[in-house]
Amino acid sequence: METNNTLTLTPINGELRIRDIDLAERLGFADPRMIRKLIKSNKEKLSEFSVLKVATKNFGDQGGRPATEYYLDQNQAIFICMKSETDNAKSVQIEIVKIFSSHLQLLDVLRALDEFEVPDDLPNMYVYAIKEKSTGNIKLGISRDPKSRLRQLQTGNSSELELIAYRKAENRFQDEKDLQQLATDYHIRGEWFSPSALEVMQ
């Protein structure tokens, strides 16, 4: 019996694990709790991969004995899939590999971002307003050198352009985003706005 449940990973003491019941449901166990018998009978083998994480679930006012939950790492989960001999065991094994791989890649990115430090000597940036003289339309953007940016834009524009205002962007690209957001009502396309947008630079 196949199910449409999607596996999720649970952080346990800094490690990503799959809860036994979640795996059982994905494998299609008629009674998901039966996977715990399978895990118990293979404890020794599972421990060869890594420490078998165990948690006790209390039912509080609902009564009943506390239940022991197992949280499996990637290799342990794949091993249990093989032992389960369910119809979709192979597809679940592939799913396990993919989900662990994608989460580990994400963790690598997050670690890299956490370690990244913004240099103190980044060059200043400026938000600017450049006017197209023939229409009066305004381009709102950001650049390290607004005057140089004007020359670049002029090369590809048959109408004469004029740099009419600029100021230091203390928050860099966030300032550009905020500026363009303020001028939303005057938006034409891209970074171009109607002449009234100039008021947001004042």
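Domain bounds here come from an automatic or database domain assignment.

**Figure 1. Division of the predicted model into two domains.** The structure shown is a predicted model. Domain 1 covers residues 9-115 and domain 2 covers residues 126-200. The C-alpha centres of domain 1 and domain 2 are 54 Å apart.

Figure 2. Helix 1 runs over residues 20-27. It is largely enclosed by the rest of the structure, because seven of its eight residues are buried. The buried residues are Asp20, Ile21, Asp22, Leu23, Ala24, Arg26 and Leu27. Elements that cover these buried residues include strand 2, helix 2 (35-41), strand 4, helix 4 and helix 5 (89-115). Just after helix 1, Gly28 adopts a positive phi of about 90°.

**Figure 3. Arg26 in helix 1.** Arg26 belongs to helix 1. Its relative accessibility is 14%, so Arg26 counts as buried, the cut-off for that class being under 20%. The side chain of Arg26 makes a polar contact of 2.8 Å with the side chain of Glu95.

Figure 4. The structure holds 10 salt bridges. In one of them, Glu69 pairs with Arg19, and the closest N and O atoms are 3.1 Å apart. Glu69 sits in strand 4 (residues 67-72) and Arg19 in strand 2 (residues 15-19), so this pair ties together parts that are 50 residues apart in sequence. Glu69 has a relative accessible area of 7% and is therefore buried. A network of salt bridges links Arg19, Asp20, Asp22, Arg36 and Glu69.

**Figure 5. Salt bridge between Asp31 and Arg33.** The side chains of Asp31 and Arg33 form a salt bridge with an N to O distance of 3.3 Å. Asp31 counts as partly exposed, at 28% relative accessibility. Arg33 is exposed, with a relative accessible area of 56%, the cut-off for exposed being over 50%.

**Figure 6. Salt bridge between Lys45 and Glu48 in helix 3.** In this salt bridge the closest N and O atoms of Lys45 and Glu48 are 3.3 Å apart. Both residues lie in helix 3, and because they are three residues apart, about one helical turn separates them. Lys45 has a relative accessible area of 37% and is partly exposed. Glu48 has a relative accessible area of 55% and is exposed.

**Figure 7. Aromatic pair Phe49 and Phe79.** The count of aromatic pairs comes to two. Phe49 and Phe79 form a tilted pair, with 5.9 Å centre to centre and 55° between the planes. This pair links distant parts of the chain: Phe49 is in helix 3 (residues 43-49) and Phe79 is in helix 4 (residues 74-84), 30 residues apart. Phe49 is partly exposed, at 34% relative accessibility. Phe79 is buried, with a relative accessible area of 12%.

**Figure 8. Aromatic pair Tyr126 and Tyr166.** Tyr126 and Tyr166 make an edge-to-face pair, with centres 6.0 Å apart and 90° between the planes. Tyr126 is located in strand 5 (residues 126-132) and Tyr166 in strand 7 (residues 161-168), so the pair ties together parts that are 40 residues apart in sequence. At 22% relative accessibility Tyr126 counts as partly exposed. Tyr166 also counts as partly exposed, at 43%.

Figure 9. Lys139 is part of strand 6 (residues 138-143). With a relative accessibility of 5%, Lys139 counts as buried. Leaving aside residues up to four places away in sequence, Lys139 touches Tyr128, Ala129, Ile130, Arg149, Leu153, Glu191 and Trp192. One of these contacts, with Tyr128, includes a polar contact of 2.9 Å between the two side chains. The C-alpha atoms of Lys139 and Leu198 are separated by 9.2 Å, although the two residues are 59 residues apart along the chain.

Methods:
Residues numbered from 1 in each chain as written. Predicted model: local features only at pLDDT ≥ 70, side-chain atom pairs only at ≥ 80, totals over all residues. Heavy atoms only, no water. Helix = DSSP H or I, 4+ residues; strand = E, 2+ residues; numbered from the N terminus. Buried < 20%, exposed > 50% of the residue type's maximum accessible area, 1.4 Å probe, protein only. Contact = heavy atoms within 4.5 Å. Polar contact = N/O pair within 3.5 Å; in protein donor to acceptor, adjacent residues only side chain to side chain. Phe/Tyr/Trp six-rings, centres within 6.5 Å; stacked < 30°, edge-to-face > 60°. Salt bridge = Lys/Arg side-chain N within 4 Å of Asp/Glu carboxyl O.
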